[in-house]
Amino acid sequence: MSLITLAYLVGGLILLVVGAEALVRGASRLAARFGISPLIIGLTVVAFGTSAPETAVSIQASLNGSGDIAVGNVIGSNIANILLILGLSALVAPLVVSRQLVRLDVPVMIGAGLLTFGLAWNGRVSQLDGFILLALLLVYTAFLVVVSKREKNRQQDEFANEFGADENTKKPLGWVFQLFLVVLGLGLLIVGSNLLIEGAVALARALGLSELVIGLTVIAVGTSMPELATSVMAVYRGERDIAVGNIVGSCIFNLLLVLGAGAAISSDGLSISPNALAFDLPVMLAVFVACLPIFFSGYRINRWEGLLFFGYYIAYTLYLVMFSTGLPAINLLRHAMTWYVLPLTAVTLLVIFLRAWKHQR
């Protein structure tokens with residue numbers, strides 16, 4: 001890998017993270033200035049903002065004809081969100097899971113995953129499919145706003161402290177600076193996504209890896225940096241339920257917004273490779289479904305469950321690299337995962353779910 005390729009990757013990731021932060025800060029303060037509720041800002045502007053890097057990369061990849069990068073970015077980011085980010089966050093401190101998350105958002109996340117799998121079954125997410133996903137995003141966001149207005153809880157105070165109007169926002173020309181942040185953030189996202197895609201394509205060619213694998217790993221983890229930063233900061237502040245909600249919400253937005261926008265922007269839609277359809281999409285769905293028993297058991301994610309998530313992410317990444325490079329050790333890994341690790345995990349999750357269900361009754 002050349003220094004230029006490395007510079008493109010690192011520079012692109014930095015610009016994406018900084019751009020997303022500038023966009024969220026500018027848009028949230030601007031919205032607060034015009035009297036929009038901090039809670040609504042947190043559920044809409046911030047949710048869109050944390051998915052901004054994935055959106056920028058997928059749209060740019062779609063325009064450049066690199067559909068595998070766009071699709072791999074969405075699938076890989078969702079897998080990384082649950083297994084890597086939640087896993088690491090739970091290892092730092094056990095995470096609290098709200099009841100609304102288990103009853104509403106996780107089922108919506110699983111439903112969005114099943115819908116995506118169904119739309120991609122023919123090997124392509126068409127432009128019409130993209131518009132359908134975007135329409136469902138609007139419905140889901142509107143529903144969140146309605147539900148949030150009815151429920152008064154401590155989230156209102158947390159969002160008010162984080163995204164409410166401050167003294168600088170209330171200054172006569174304060175809106176000019178916030179608008180500048182929005183424009184700056186959008187510009188950095190565009191430039192960063194271009195650099196990241198060019199570096200990723202060059203890296204794939206240099207290492208002999210497919211663009212899908214690069215999208216599932218390097219780009220997926222890179223564009224998930226805002227979610228990682230948000231979750232770690234939430235754990236540090238003791239807002240552990242916000243950390244989990246941020247991840248689940250991001251997975252939903254990745255499917256409905258990022259994949260939807262990537263498909264809608266191109267008249268040909270996005271092609272889904274056979275490998276993604278046969279392996280990566282089912283893995284994403286399995287990860288989504290595994291959240292239910294773990295979240296439902298005591299409405300928390302314990303450290304050992306975080307370690308389980310993190311271990312699975314390491315195994316998934318190793319499998320991708322071995323499969324793409326044709327290493328013979330992949331047969332041993334596949335055998336161990338298929339006949340030992342996965343059945344044992346399935347039995348463990350079933351026991352956890354049954355115990356939690358019995359306790360709830």
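Predicted model: local features only at pLDDT ≥ 70, side-chain atom pairs only at ≥ 80, totals over all residues.
Reader: Where is the place of Ser-273?

Author: Ser-273 sits in the loop between β3 (270-271) and α14 (274-296). Residues are numbered from 1 along each chain as its sequence is written, and side-chain values use heavy atoms, with hydrogens and water left out.

Reader: Why does Ser-273 count as buried?

Author: Buried means under 20% relative accessible area, exposed means over 50%, and partly exposed is in between (1.4 Å probe, protein chains only). Ser-273 has 14% relative accessibility, so Ser-273 counts as buried. Leaving out residues up to four places away in sequence, Ser-273 touches Asp-68 and Leu-212, where contact means heavy atoms within 4.5 Å.

Reader: How do you know how many disulfides the whole structure has?

Author: A disulfide is a pair of cysteine sulfur atoms within 2.5 Å, and the search of the whole structure finds zero. Take Cys-251: the closest cysteine sulfur is in Cys-291, 7.5 Å away, so that's too far for a bond. Cys-251 is at 0% relative accessibility, so it counts as buried. Cys-291 is at 0% too, and therefore counts as buried.

Reader: What does Ile-82 touch?

Author: Both of those cysteines turn up: skipping neighbours within four places in sequence, Ile-82 is in contact with residues including Met-109, Cys-251, Cys-291 and Phe-309. Ile-82 also belongs to the largest nonpolar core, which has 88 residues; Ile-82, Leu-86, Met-109, Val-244, Phe-295 and Ile-301 touch the most other members. Such a core is a set of buried Ala, Val, Leu, Ile, Met, Phe, Trp, Tyr and Cys residues joined through side-chain atoms within 4.5 Å.

Reader: How do you know what helix α6 should span?

Author: The expected span is 1.5 Å times one less than the number of residues. Helix α6 (residues 99-119) has 21 residues, so α6 should span 30 Å, and its end C-alpha atoms are 30 Å apart, which agrees.

Reader: Where does α6 bend?

Author: At Asp-105, by about 30°, with a proline, Pro-107, following within four residues. The bend is the angle between axes fitted to the seven residues ending at a residue and the seven starting there. Asp-105 is one of the buried residues of α6, as is Met-109.

Reader: What makes Phe-279 and Tyr-316 a stacked pair?

Author: Rings of Phe, Tyr and Trp (its six-membered ring) pair if their centres lie within 6.5 Å; planes under 30 degrees apart count as stacked, over 60 as edge-to-face and the rest as tilted. The structure holds seven aromatic pairs. Phe-279 and Tyr-316 are 6.1 Å centre to centre with 15° between the planes, and that's stacked. This pair links distant parts of the chain, with Phe-279 in helix α14 and Tyr-316 in helix α15, 37 residues apart. Phe-279 has a relative accessible area of 27%, so Phe-279 is partly exposed. Tyr-316, at 6%, counts as buried.

Reader: And why is the pair of Phe-296 and Tyr-299 called edge-to-face?

Author: Because there are 75° between the planes, with the centres 5.9 Å apart. Phe-296 is buried at 11% relative accessibility, and Tyr-299 is buried at 10%.

Note on methods:
Helix = DSSP H or I, 4+ residues; strand = E, 2+ residues; numbered from the N terminus.
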